[in-house]
Amino acid sequence: MNPRVLFWIPALLRLSVILLGSIVMGWMFGLIAGLTMSFLSMLALLLIQLSYLYQLGEWLDKPNSEGLPDGWGSWTAIFARLYRLRRDDERNQAELTEWLARFRQAMHLLPDGVAIMDDVLFLEWCNPAAERHLGLTMARDKGMRVTNLIRHPDFIDYIILGRYEQPLTLRLRDRKLICQIIPFENRRQILVTHDITEMDRIEEMRRDFIANASHELRTPLTVIVGFLEIASSDMPLDSATRAAHLKLMTEQGHRMQRLIEDMLTLSRLESADYPLRAERVAIGALVEEVLQEARALSGGKHEITAVVDGPDVRGSHEELRSAFANLASNAVRYTPVGGQVQLRWESGHDAGKGGDGPRFVVSDTGIGIDQSHIARLTERFYRVDKSRSRETQGTGLGLAIVKHVLLRHGGSLAIRSEPGKGSSFIAALPASSVV
Ligand code: ADP
């Protein structure tokens, strides 16, 4: 039924009852009694209304769905409607709080920075990624103009030009960021930041690698092409010169072959599609293999010994052989004639009980390495002395291969060296690799 009818009918009925009661009273006991009866009834009705009005006022101060009285007469319907309103409001509020919490959590987890600003670029809110990227602190910087917070000339120019459809690449505090401003809601703008530092570093490494690899391949190729041109020209060559040219071409050809093989090995080791094929590696036989290879390379010019005093491990025989052989070959190549090279397989302390794992140590009495170079030795194509590396058939990729093999096995490489005295390369494997 219509709520208005529901409200008015009982109210009019109540008034009619009072009026009727007063008329009956007046008729039975005289006019004064009738009027008194009507006055008292109206007063009682007024007091009831005032009491509910007071309760309503109290409730409005602290509105909650529990604190509402049941009411009487028309108040019952009013309180029931207020109760429903309040309950819907509470439900909406709970939904809104939940959405807000979810939104906050998503914004916290977002790797991209989001900063909300008003139309004149005063910061209203930003997520933790934006704080990290732009060096902001919400608590401190809220309400400040972003051009005062991000004082980079490129950023200021971007704002001045206002070509927001184009993103801006910004170098800010060791980071490379892609920033873009997106206007929204008429009087607000969002600043979005995307950190591309790591991507940029990888891209730079890739560019460097291609440049280095091309350079490394170009040198032997230039030699080969040069000799081929001489051979195909009319220049008269005696057989000794021709033989010398052929020997040099073969050497350069081998150098290119070694380079390409090392590059392929590295790319395979780095590839996620090339999982480690772990097997039991018989260390005694592996060290013996490496020892024989080192002796063959030295050609009797060094004193090379090997000691095996440790357990077998699980890993890739081929990869470990390649890593250990690289270390042994370096020791031979960077140790002058008559020097000593020692290969040692040692078990770590408490191997197998979570302590140090076993390690392959290669010590030489060679030329040593200055401390300033040590951190960079495992970078591709990094050499302390380029000509010595080339003379001894180095590719500059050996230690990069060693590092990757050890990484794949959960191990690490440590280097100790003193110029003029010698070096020790320690290839440590994790204790968990022990069979
Ligand atoms: P390379 O093919 O040039 O030997 P590596 O990656 O194996 O490349 O080694 C990088 C550089 O580290 C070498 O060029 C050399 O300068 C230095 N190096 C490696 N091993 C030794 C060593 N045992 N003694 C001295 N220097 C070494």
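Guide: Trp125 has a relative accessible area of 23% and is therefore partly exposed; with a 1.4 Å probe and protein chains only, buried means under 20%, exposed over 50%, and partly exposed the range in between. The model is a predicted one, in which local features need pLDDT of at least 70 and side-chain atom pairs count only at pLDDT 80 or more, while totals for chains, interfaces and linings use all residues. Residues are numbered from 1 along each chain as its sequence is written, and side-chain values use heavy atoms, without hydrogens and water.

Trp125 belongs to strand S2 (residues 123–126); strands (E, at least two residues) and helices (H or I, at least four) are DSSP runs, numbered from the N terminus. Apart from neighbours within four places in sequence, Trp125 is in contact with Met107, Val114, Ala115, Ile116 and Met138, contact meaning heavy atoms within 4.5 Å. Lys142 is 17 residues from Trp125 in sequence, and the two C-alpha atoms are 6.7 Å apart in space.

Ile116 leads on to Phe184, which touches Ile116, Gln189 and Ile190 when residues up to four places away in sequence are not counted. Phe184 sits in strand S4 and is partly exposed, at a relative accessible area of 27%. Its C-alpha atom is separated by 51 Å from that of Ser51, 133 residues away along the chain.

The loop between strand S3 (168–172) and strand S4 (175–184) holds Arg173. This residue is exposed, since its relative accessible area is 52%. Arg173 is not a glycine, yet it has a positive phi of about 45 degrees. Most residues other than glycine have a negative phi. Gly135 is found in the loop between helix H4 (128–134) and helix H5 (138–141) and is partly exposed, because its relative accessibility is 30%. Ala130, Arg140, Asp141 and Arg173 are what Gly135 touches, leaving out residues up to four places away.

The wider layout comes next. An automatic or database assignment supplies the domain bounds: domain 1 (3–100), domain 2 (110–195), domain 3 (207–270) and domain 4 (279–433). The C-alpha centres of domain 1 and domain 2 are 57 Å apart.

The largest nonpolar core has 42 residues, of which Leu320, Phe324, Leu327, Leu343, Trp345 and Phe360 touch the most other members; such a core is a set of buried Ala, Val, Leu, Ile, Met, Phe, Trp, Tyr and Cys residues joined through side-chain atoms within 4.5 Å. Two or more residues of this core come from each of helix H9 (239–270), helix H10 (283–298), H11, strand S9 (340–346), strand S10 (359–364), H14 and strand S12 (422–428). Helix H11 gives the most, seven residues. Because domain 3 (207–270) and domain 4 (279–433) both contribute, the core lies between them. One of its members, Leu327, is in contact with Phe360, Val362, Leu399, Val402, Leu413, Phe425 and Ala427, setting aside neighbours within four places in sequence. A second, separate core of 22 residues includes Leu134, Ile150, Leu177 and Leu191.

Ser316 is located in the loop between strand S8 (313–315) and helix H11 (317–333). It is buried, since its relative accessible area is 8%. Not counting residues up to four places away, Ser316 touches Leu276, Arg277, Glu279, Val281 and His409.

Phe381 lies in the loop between helix H12 (371–374) and helix H13 (386–391). Its relative accessibility is 6%, so it counts as buried, and its phi, near 65 degrees, is positive in a residue other than glycine.

The second largest pocket is lined by 20 residues, with Arg201, Met205, Asp208, Glu379 and Arg380 nearest its centre. Helix H8 (197–232) and helix H14 (398–408) are the elements that give two or more residues to this lining. On a 1 Å grid over the protein atoms alone, a pocket is an open set of points where a 1.4 Å probe fits, with protein on both sides within 12 Å along at least five of seven lines, and lining residues have an atom within 4 Å of a point. The largest share of the lining, eight residues, is from H8. Domain 3 (207–270) and domain 4 (279–433) each supply at least three lining residues.
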